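I am opening a notebook page on a structure that is new to me, and I want to set down, step by step, what I looked up in it.

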Amino acid sequence: MHRPAPQLEDVTHRLLPSPAGRVHAAELGEGPLVLLLHGFPESWYSWRHQLPALAAAGYRAVAVDVRGYGRSSRPDAVAAYRMRDLVADNAAVVEALGERSAVVVGHDWGATIAAHSALLRPDVFRAVGLLSVPYTPPGGPRPSEIFAQLGGGKEEFYVSYFQEPGRAEREIEPDVRGWLAGFYAALSADTMPGPGAPDPHFVSPGSTLRDRFPADRLPAWLGEAELDVYAGEFERTGLTGALNRYRAMDEDWKDLADLTGAPIPQPSLFLGGTLDASTTWLSDAIEAFPVTLPGLRSSHLLEGCGHWIQQERPDEVNRLLTAWLAALPTD
């Protein structure tokens with residue numbers, strides 16, 4: 001009997017217990033568990049193209065709202081957004097779903113959380129896929145000191161700009177939809193500022209991030225309806241929970257000091273875009289993969305792709321992701 005192809009509207013939404021209270025999960029399909037983690041400023045909906053594709057390929061695909069986002073818990077304290085706490089959420093999701101192990105795949109901040117999930121809980125996460133942001137092992141200088149040096153004293157790097165509680169919120173929250181539209185456009189291949197334009201990752205003195213965003217266009221991957229979904233979530237929740245991940249980076253630096261330089265041995269995947277600053281700025285991290293990701297099985301830079309890789313190039317990402325999953329050792 002022919003079964004209809006899985007569709008996004010078939011997704012089951014549920015709230016699962018976690019150390020912070022609850023994690024909202026969107027689930028589709030049956031088979032080995034694949035846990036999908038989004039980045040900033042996104043939600044489970046960032047995986048809307050992958051959920052049906054993974055389900056059709058025979059996987060139990062589960063995309064969550066990371067702590068601080070959407071319908072998941074949003075603790076007040078910055079310290080509640082440390083990496084070890086986010087990893088604990090992911091392990092709790094696997095357990096709450098009645099599974100013993102999972103493949104974890106993340107984009108942007110979700111890639112870093114996925115990598116540390118594999119690093120800290122190899123008993124749970126048997127393989128790891130990283131989209132857009134390559135793995136950099138713990139260690140090195142304090143993050144806030146690194147970011148403060150970027151911009152040469154003339155400009156402020158966006159991560160530094162995000163550090164002070166309330167500062168970025170005052171810029172974003174009066175017009176969440178407009179700010180998100182500009183941020184997404186600034187990092188998309190078809191709408192990002194040209195080579196000679198001011199870099200949207202930096203802030204001029206007395207200015208805002210939004211001053212450098214494209215204001216007159218949406219990227220091809222983002223329609224008005226999709227933008228409504230993202231804007232609706234952040235208008236309801238605010239941005240503090242999402243921004244607190246950036247504010248906890250120095251805490252991670254201390255928490256993970258015992259893992260300085262640690263590689264991730266599990267089978268891994270990396271997908272990035274050639275027009276994404278995350279891959280160009282971190283090219284040394286990609287070159288270090290033979291040491292830092294000794295289990296790397298598949299690595300691809302998609303030509304002419306920006307930062308929002310699984311939304312800009314869903315068919316290509318789905319093909320590469322499902323091929324990598326199919327080649328993994330069985331649990």
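I began with contacts between residues at least 6 apart in sequence, and I noted that 76% of them join residues at least 24 apart. I keep in mind that this is a predicted model, and that each value here is computed from it.

Next I looked up the overall build, and I counted 15 helices and 10 strands in the protein. The C-alpha trace spans about 60 × 45 × 40 Å along its principal axes. For 331 residues a compact globule would have a radius of gyration near 20 Å, and because the protein has 19 Å, I wrote down that the two agree.

I then turned to burial and surface, where I found that buried residues make up 55% of the 331 residues, while the accessible surface comes to about 13,700 Å², with 52% of that area belonging to carbon and sulfur atoms.

Which residues have the most contacts inside the largest nonpolar core? I listed Phe 40, Val 105, Leu 130, Phe 162, Leu 180, Trp 324 and Leu 325, in a core of 101 residues.

My last entry concerns helix H2, which runs over residues 83–96 and reaches 20 Å from its first C-alpha to its last, close to the 20 Å expected for its 14 residues. Its buried residues include Met 83, Leu 86, Val 87 and Asn 90, and Asp 89 is also among them. After H2 comes Gly 98, for which I noted a positive phi near 80°.

Note on methods
Residues numbered from 1 in each chain as written. Predicted model: local features only at pLDDT ≥ 70, side-chain atom pairs only at ≥ 80, totals over all residues. Heavy atoms only, no water. Helix = DSSP H or I, 4+ residues; strand = E, 2+ residues; numbered from the N terminus. Expected span 1.5 Å × (residues − 1). Buried < 20%, exposed > 50% of the residue type's maximum accessible area, 1.4 Å probe, protein only. Core = buried A, V, L, I, M, F, W, Y, C linked by side-chain atoms within 4.5 Å. Rg over C-alpha atoms; globule rule 2.2 N^0.38 Å. Contact = heavy atoms within 4.5 Å. Areas by Shrake-Rupley, 256 points an atom, 1.4 Å probe, with all protein chains shown as cover.
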